[in-house]
Amino acid sequence: MYVNFVGTVNQQFNKNQLRTDNEREVLTVENKSFHQDWQSEHKEDVNEQIGNNDNVEGLIQDLENRNMDIRREAARSLGNIKDVRAVDSLIEALKDSETSVRMCAALSLGQIGDKRAQKPLIAALNNDNHYVRSYAISGLIELMGGTSIDILIEALYRELKRVEEADAAGFGLKGTGLKIQFWEDVVEELLNPYNTAEYVLVEIIKELGKLADSRAVPHLINVFKNKVAWYDPGIWTYILEAFGKIGDERAFQYVALVLTNKDEAYRKLAARVLGEIGGRDAVNALTQALMSEKSPDVKETIKSALEKVDKFKRNE
């Protein structure tokens, strides 16, 4: 069964054009750049209207200002101040008509760290906008730390379902960021349901890796084996990175299969992650791969991984 899975996945994996981090993030970079340029142009006007950034009551009032930029900057400033008096108003700002205000409110609620924000932030994980969902995840992690693991796992499956539905609807890997020439192209890609759902899915995978909690491993394996990951090897990249940070040997067989991938970058990543996971199986797989590997760069990575495992053993 495992052999069939490996063969099927590697065949599909090798058929797809690899999506590098730069390609994946080009849309986010373009979008941020546009908003940063606009904010830089208008920052002085907004600051004049928003008044004293240390005046909590004034900032709370500014959350209801007709000017969207003033509401956004007020939400952001209240997170920096971390005054609990702002919590109720920021919770209300999670319903703001403007996406950027909702984003800043979610993040600021996490920064303030008041438990009243937990349920509203969990509710925001179902927001229609992918950026709001992503910021709600960040806010929850800031608020709850490692105790957010169960909530993240639930969100992982919700976002996976969104990706599956977008793929089934025919959107698939439409946007790789490689052919973008005009701002209209950026907007089209940002609105692609596959791209937006995948964006949040990847953010959750990254956060699960940072938490380094072994409870996430079987769920990450489920995503790794899902057919949408076969067609989008970029998702695999972040899952492999998470496996390395968690260091659980249950992930071994799924990382080891990538050692046979035709792309050097993925073989190097798999070797590095196996070095982080460690264990006898990882040593055997790395040793075998070293004997058959043709690329000098990959060989060096394998050697470094083996040295890391050996050093870890000596320190035990």
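The sections below take up the basis of the model, the nonpolar core, the salt bridges and the backbone.

## Basis of the values

This is a predicted model, in which local features need pLDDT of at least 70 and side-chain atom pairs count only at pLDDT 80 or more, while totals for chains, interfaces and linings use all residues. Residues are numbered from 1 along each chain as its sequence is written, and side-chain values use heavy atoms, with hydrogens and water left out.

## Nonpolar core

A nonpolar core is taken here as a set of buried Ala, Val, Leu, Ile, Met, Phe, Trp, Tyr and Cys residues joined through side-chain atoms within 4.5 Å; buried means under 20% relative accessible area, exposed over 50%, and partly exposed in between, with a 1.4 Å probe and protein chains only. The largest such core holds 92 residues, and the members that touch the most others are Leu90, Ile205, Leu208, Leu220, Phe224, Phe243 and Val255. In soluble globular proteins, nonpolar side chains tend to be buried together.

When neighbours within four places in sequence are set aside, the contacts of Leu90 (heavy atoms within 4.5 Å) include Leu63, Ala75, Leu78 and Ala105, together with Ser108, Leu109 and Ile112.

## Salt bridges

With a salt bridge defined as a side-chain nitrogen of Lys or Arg within 4 Å of a carboxyl oxygen of Asp or Glu, the whole structure contains 19 of them. One joins Arg72 to Asp69 at 2.8 Å, N to O, and both residues lie three apart, about one turn, in helix α4 (residues 68-81), where helices are DSSP runs of H or I with at least four residues, numbered from the N terminus. Arg72 is buried at 5% relative accessibility, and Asp69 is likewise buried at 9%.

Asp114 and Arg116 form another salt bridge, with the closest N and O atoms 2.9 Å apart; Asp114 is buried at 17%, whereas Arg116 is partly exposed at 40%. In the pair of Lys303 and Glu300 the closest N and O atoms are 3.8 Å apart, and these residues are separated by about one helical turn because they stand three residues apart in helix α18 (residues 296-315).

## Backbone angles

Most residues other than glycine have a negative phi. Lys82, however, has a positive phi near 65° and lies in the loop between α4 and α5 (87-93), where Lys82 is partly exposed at 47% relative accessibility. Ala212 also has a positive phi, of about 55°; Ala212 is placed in the loop between α11 (193-211) and α12 (217-225) and is partly exposed at 39%.

How values were computed
Helix = DSSP H or I, 4+ residues; strand = E, 2+ residues; numbered from the N terminus.
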